[in-house]
Amino acid sequence: MSKRIDIVSLYPKDMNIYGDTGNVLTITRRLGLYGYEPCVHFVNQGDAWPEQVDMILGGGGQDTGQKKIIDDLFERADLLRGLVEDGMPMLMICGLYQLFGEYFETVDGTRLDGIGAIGAYTVGGDVRRIGNLVEHSEDFDDIIGYENHSGQTFLREGVEPLGKVGEGLGNNGEDGTEGARVHNMIGTYMHGSLLPKNPAISDFLIRTAVERRYGSFDLSAQTDEQRAELSQLDEYCAKAREVAVSRPR
Amino acid sequence: MFATVAIGRGVRHLARLTRHGGSALPGKVVERIDPGFLARTLAQLPYGVVLVSGTNGKTTTTRMVASMLSDLGLRVFTNPTGSNFTRGVVSALLTEVSLTGKLDADIAVLELDEAYAVHFVKQVRPKYSLLLNVMRDQLDRFGEIDNTARLLSHVAEATTGTVVLNREDPRIAALASKVPRGTSVRYFGLAKALKRFFPTDDEMNAAFEGDGKTADATTPSAGTATGADDTGAGTGAGTGADEHCADVTLVEVRDHAATFLMDGRNHDTDVKLEGVYNLYNAAAALSLVRAVAADVPETKMRGDADALIKAVSDVTPAFGRGEVIDVNGSPVELLLVKNPMGFRLSLASFAPQGCDTMIAINDEYADGRDMSWLWDVDFTSLRETGVAMVSGVRAWDMALRLGYEEVPVGTVDTDFDQAVTSFVTANPGKPKHMYCTYTAMLKARAVLGRITEVSDAGVGR
């Protein structure tokens with residue numbers, strides 16, 4: 001009997017853009033190939049929170065999507081903040097990254113409160129930062145993806161970024177940071193989809209989830225066939241990364 | 001005027017001599033020296049300007065409208081494929097007008113990219129507009145899809161005669177409220193049974209309802225209904241679309257045949273077009289042509305149902321929209337893919353069984369630099385047959401995508417010429433499907449042109 005891992009896909013109806021489903025697919029498929037049994041819970045507004053949760057994946061959305069989920073997000077704010085503090089592995093992309101921060105102030109000065117799970121705030125900008133992006137991180141090698149946002153996010157002092165980027169790129173185009181890392185939660189502007197081309201991050205989320213639930217990450221249930229399939233995927237991935245870093249922004 | 005046309009043509013001639021190739025260069029020069037050229041030239045047209053915009057199907061639908069209107073008796077000016085921006089229209093006009101600036105046509109049918117459509121309507125108010133859909137496409141260029149809908153609302157606001165809207169796309173149907181007083185609205189629509197082929201952008205995500213079990217069970221596979229039109233779930237921006245009576249409804253689709261409902265009567269016809277989405281574009285074109293026919297005297301243009309249906313049956317597929325090229329006895333179907341919905345619809349329309357499949361993904365500016373769209377396409381329908389060849393600049397991204405979807409991948413080859421040649425010459429006689437992004441399609445046609453006869457689809461090779 002393989003060990004089960006429960007994943008919440010948060011607001012997949014309204015916060016799901018630019019291939020965010022690719023992140024969920026990458027986690028479930030890799031878990032399966034490591035010999036674990038993934039189980040995805042799609043949690044939209046008003047849906048019950050599953051009894052067992054080992055990982056949370058959230059995506060980006062348009063302004064309309066953010067408005068639709070904001071009330072529900074506040075209902076769950078204590079729970080989510082607690083889970084971040086507790087070390088739950090999470091990935092929040094773009095729109096949910098912003099809403100996990102303290103607030104978002106639009107260009108006309110309207111303030112939309114976030115849940116404050118990340119010490120960061122975002123202000124609306126006139127410039128949309130769009131393009132291929134490679135960021136550097138000690139924990140995850142080079143992180144390869146694509147950014148597309150006009151909000152400028154600023155991290156509070158002491159908050160770790162996910163990675164370092166060149167001038168004009170990343171969180172705000174000013175301080176060379178991209179994304180944020182709070183315990184085991186990762187917030188980022190990187191699409192790509194992020195996880196398929198960044199297996200170091202995928203495996204960090206997976207390993208953390210498994211270790212928290214079962215004490216240790218073991219590959220005893222993995223078959224040779226699964227190992228071969230995983231290495232095939234990783235070979236495709238290595239080549240895709242090689243090409244991606246050579247492309248214009 | 002004489003000077004403008006002469007200079008514009010001179011630049012075009014030079015551009016060709018120097019193999020500059022850019023069809024927009026003469027347009028650029030003319031826009032600078034004579035900013036009124038576009039509006040003044042198009043203002044001569046007795047029946048005005050038709051503007052076609054939206055994410056998917058612009059080229060096909062523009063071609064259909066132009067072909068039908070000219071079949072029915074009008075002299076039509078249209079912009080060639082790939083020049084769907086204002087400057088491209090100016091360049092195209094330069095080749096058509098006389099040196100005194102006279103445009104010898106009754107009506108113009110222009111395809112414009114959403115962003116350029118906004119610039120265009122500031123200069124020229126179209127008499128007719130046809131707004132097809134808003135989908136996730138090249139969001140890196142326009143931002144977000146609600147923003148794209150806003151761009152199209154400027155077109156609706158500027159239209160003086162009739163706006164034709166897609167009843168089944170909530171963001172498009174909602175534009176009816178933007179239509180100025182005195183301008184009429186028509187809708188084209190789908191019979192309920194066909195709606196499952198056309199999930200809206202919102203419905204693509206509506207599959208992620210409730211507490212599903214595994215990722216597998218939740219990926220909406222091609223051709224299965226999301227159920228959203230029956231339950232009302234998932235269409236967040238629902239406008240109660242069925243309340244509007246459609247001017248033209250696509251009722252049924254068969255092999256190279258379709259049924260359209262107009263004025264309460266079903267009309268069956270054979271078609272040369274492939275794929276259910278092209279037939280829905282035909283419904284859009286029919287509705288637009290009916291709007292024109294209502295304004296043009298019968299002596300000038302035939303507008304009866306039989307003539308319209310005949311005109312639909314004569315339309316041929318456009319470049320990369322189900323174009324079939326014979327390579328040593330293998331029919332090779334070229335399918336242009338540029339966004340998740342278009343790719344999904346193509347996969348749903350062309351069953352892979354009994355065929356070899358190739359996918360070529362480039363990421364040049366015209367294709368879109370962002371690869372994340374590949375993760376919004378559902379490839380499960382290719383699991384059974386696999387994909388024989390993957391190529392293009394981003395071949396490895398595509399292979400990775402297919403790998404995660406458990407679709408068997410044959411060869412991955414980033415050498416494009418070699419990939420195309422070996423793919424089309426393998427298994428002689430077996431039909432082939434080639435899914436290509438825009439620039440990959442241009443290259444594929446060039447490679448095929450060296451192997452066999454490829455017609456010039458107005459885009460060069």
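Visitor: Where is the place of His191(A)?

Guide: Good place to start, and keep in mind that this model is predicted. His191(A) sits in the loop between β14 (185–188) and α5 (194–197) of chain A.

Visitor: Is His191(A) buried or exposed?

Guide: The general idea is to count neighbours: a residue is called buried if 20 or more other C-beta atoms lie within 10 Å of its own. His191(A) has 29 other C-beta atoms within 10 Å, so it is buried.

Visitor: Which residues is His191(A) in contact with, leaving aside its neighbours within four places in sequence?

Guide: In chain A they are Tyr18(A), Gly19(A), Ile93(A), Gly145(A), Tyr146(A) and Asn148(A). The list also includes two residues of the other chain, Asp370(B) and Ser372(B).

Visitor: At which residues does UniProt place the feature "active site"?

Guide: The unreviewed UniProt entry places that feature at Cys94(A) and His191(A).

Visitor: What can you tell me about the place of Cys94(A)?

Guide: Cys94(A) belongs to helix α4 (residues 94–99) of chain A. With 25 other C-beta atoms within 10 Å, Cys94(A) is buried. Not counting residues up to four places away in sequence, Cys94(A) touches Gly59(A), Gly60(A), His149(A) and Tyr189(A).

Visitor: Which residue does the UniProt annotation "binding site" cover?

Guide: In the unreviewed entry, that annotation covers Arg128(A). You will find Arg128(A) in the loop between β7 (120–123) and β8 (129–137) of chain A. For reading its exposure, a residue with 12 or fewer neighbours would be exposed, and partly exposed lies between that and buried. Arg128(A) has 14 other C-beta atoms within 10 Å, so it is partly exposed.

Visitor: Which residues of chain A does UniProt list for a domain?

Guide: The unreviewed entry lists residues 7–198 of chain A as "domain: CobB/CobQ-like glutamine amidotransferase". That span is 24% helix and 32% strand, and its end C-alpha atoms lie 19 Å apart.

Visitor: Which way do the residues of strand β3 of chain A point?

Guide: In a regular strand the side chains alternate between the two faces of the sheet. In β3 (residues 55–58) of chain A, Met55(A) and Leu57(A) point one way, while Ile56(A) and Gly58(A) point the other way. All of them are buried.

Visitor: In which sense does strand β3 of chain A pair with strand β1 of chain A?

Guide: The pairing of β3(A) with β1 (residues 4–10) of chain A is parallel, over four bridges. To trace it, find Ile7(A), which stands opposite Met55(A) in β3(A). Strand β3(A) also pairs in the parallel sense with β4 (residues 90–93) of chain A, over three bridges. There, Ile56(A) has Met90(A) in β4(A) as its bridge partner.

Visitor: How many residues does the contact take from chain B and from chain A?

Guide: Chain B provides 35 residues and chain A provides 42. The elements of chain B that give two or more residues to this side are α7 (139–142), α8 (145–158), α10 (201–206) and α15 (395–404). Helix α15(B) gives the most, with six residues. By class, the chain B side has 14 nonpolar, nine polar and 12 charged residues.

Key: Residues numbered from 1 in each chain as written. Chains lettered and ligands numbered in written order. Predicted model: local features only at pLDDT ≥ 70, side-chain atom pairs only at ≥ 80, totals over all residues. Contact = placed C-beta atoms within 7 Å. Nonpolar A, V, L, I, M, F, W, Y, C, P; charged D, E, K, R; others polar. Pairing = 2+ DSSP bridges. UniProt positions renumbered as here; feature names shortened; annotations may be inferred.
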